[in-house]
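Student: I am new to this structure and would like to go through it by question and answer. Where shall we begin?

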Amino acid sequence: DSGVTQTPKHLITATGQRVTLRCSPRSGDLSVYWYQQSLDQGLQFLIQYYNGEERAKGNILERFSAQQFPDLHSELNLSSLELGDSALYFCASSTNPGQGLPGELFFGEGSRLTVL
Amino acid sequence: AQSVAQPEDQVNVAEGNPLTVKCTYSVSGNPYLFWYVQYPNRGLQFLLKYITGDNLVKGSYGFEAEFNKSQTSFHLKKPSALVSDSALYFCAVRDFNQAGTALIFGKGTTLSVSS
């Protein structure tokens, strides 16, 4: 158990809908990362938050947004869903600050999104 | 741009034999390299990392990796494979294009260990 909790584990929805994925980082970790894993794209970095502030942005679509709350949990919002958004979405956390030597990331079990 | 390449989609090895999962990297600064493993329907688990120092890095579950700067490689190795090592393995590098500390992952290599 990595200590990172993601909900829901599975989600099935229709095209055009909006969903919210939730992540609770390990106790004490200030950084939260979101990744998308799909068969064709592999693991793609979406976005990183550090202590409530956006730190880095990767290949995140404009239809997607995220935030980190004062209690350090994070939510990833996916809107106007398309079939191609079906994927496994991972949250990870680390103790590191936004810059400097990187430590390891600790991953949750993921949220599997299916868009029909 | 930072990137890692895992040239083999799948590696097959018999139990008890040594295993190697290959990774090459391309970075503009210091190469901070990682290996992760993913079991079916699970999240990624950290195995080991190279930041600086000894080129041979030892990690979890008996795995080790050798950093080779001249060949820009960071191959994952284990002297004696177990059936339970069968999983998806990812090599990753620190993304220096970003202000943060995100990692860029390779496509992954499926390791299959037969009994």
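This is a predicted model: local features need pLDDT of at least 70, side-chain atom pairs count only at pLDDT 80 or more; totals for chains, interfaces and linings use all residues.

Student: What is the volume of the largest pocket, and which residues are the closest to its centre?

Tutor: The volume of the largest pocket is about 510 Å³. Its lining has 23 residues, and those closest to the centre come to Gln37(A), Ser38(A), Leu39(A), Gln38(B) and Leu88(B).

Student: How many residues of the lining of the largest pocket are charged?

Tutor: The lining divides by class into 10 nonpolar and 9 polar residues, besides the charged ones. The charged residues number 4.

Student: Which residues are closest to the centre of the second largest pocket?

Tutor: The second largest pocket has a volume of about 210 Å³. It is lined by 13 residues, and the closest to its centre are Gln36(A), Gln41(A), Leu61(A), Gly84(A) and Asp85(A).

Student: Asp85(A) is also part of a network of salt bridges. Which residues are linked in that network with Asp85(A)?

Tutor: The structure holds 8 salt bridges over all chains. In the network, Asp85(A) is linked with Arg63(A) and Glu82(A).

Student: Is Asp85(B) buried or exposed?

Tutor: Asp85(B) forms a salt bridge with Lys78(B), with 2.8 Å between the closest N and O atoms. Lys78(B) has 8% relative accessibility and counts as buried. The relative accessible area of Asp85(B) is 3%, and buried means under 20%, so Asp85(B) is buried.

Student: How many residues apart in sequence are the parts that Glu66(B) and Lys77(B) tie together?

Tutor: Glu66(B) and Lys77(B) form a salt bridge, with their closest N and O atoms 3.3 Å apart. Glu66(B) is in strand 8 (residues 64-68) and Lys77(B) in strand 9 (residues 73-78) of chain B, so the parts tied together are separated in sequence by 11 residues.

Student: Which residue of chain A meets Arg42(B) in a salt bridge?

Tutor: The N to O distance in this salt bridge is 3.0 Å. The pair crosses between chains, with Arg42(B) in the loop between strand 5 (33-38) and strand 6 (44-50) of chain B. At 34% relative accessibility, Arg42(B) is partly exposed. Its partner in the salt bridge is Glu109(A).

Conventions
Residues are numbered from 1 along each chain as its sequence is written. Chains are lettered from A and ligands numbered from 1 in the order in which they are written. Side-chain values use heavy atoms; hydrogens and water are left out. A salt bridge is a side-chain nitrogen of Lys or Arg within 4 Å of a carboxyl oxygen of Asp or Glu. Helices (H or I, at least four residues) and strands (E, at least two) are DSSP runs, numbered from the N terminus. Buried means under 20% relative accessible area, exposed over 50%, partly exposed in between (1.4 Å probe, protein chains only). On a 1 Å grid over the protein atoms alone, a cavity is a set of points where a 1.4 Å probe fits but cannot get out, and a pocket is an open set with protein on both sides within 12 Å along at least five of seven lines; lining residues have an atom within 4 Å of a point. Grid points are joined across faces, edges and corners, and a volume is the space filled by probe spheres set on the points. Ala, Val, Leu, Ile, Met, Phe, Trp, Tyr, Cys and Pro count as nonpolar, Asp, Glu, Lys and Arg as charged, and the others, Gly among them, as polar.
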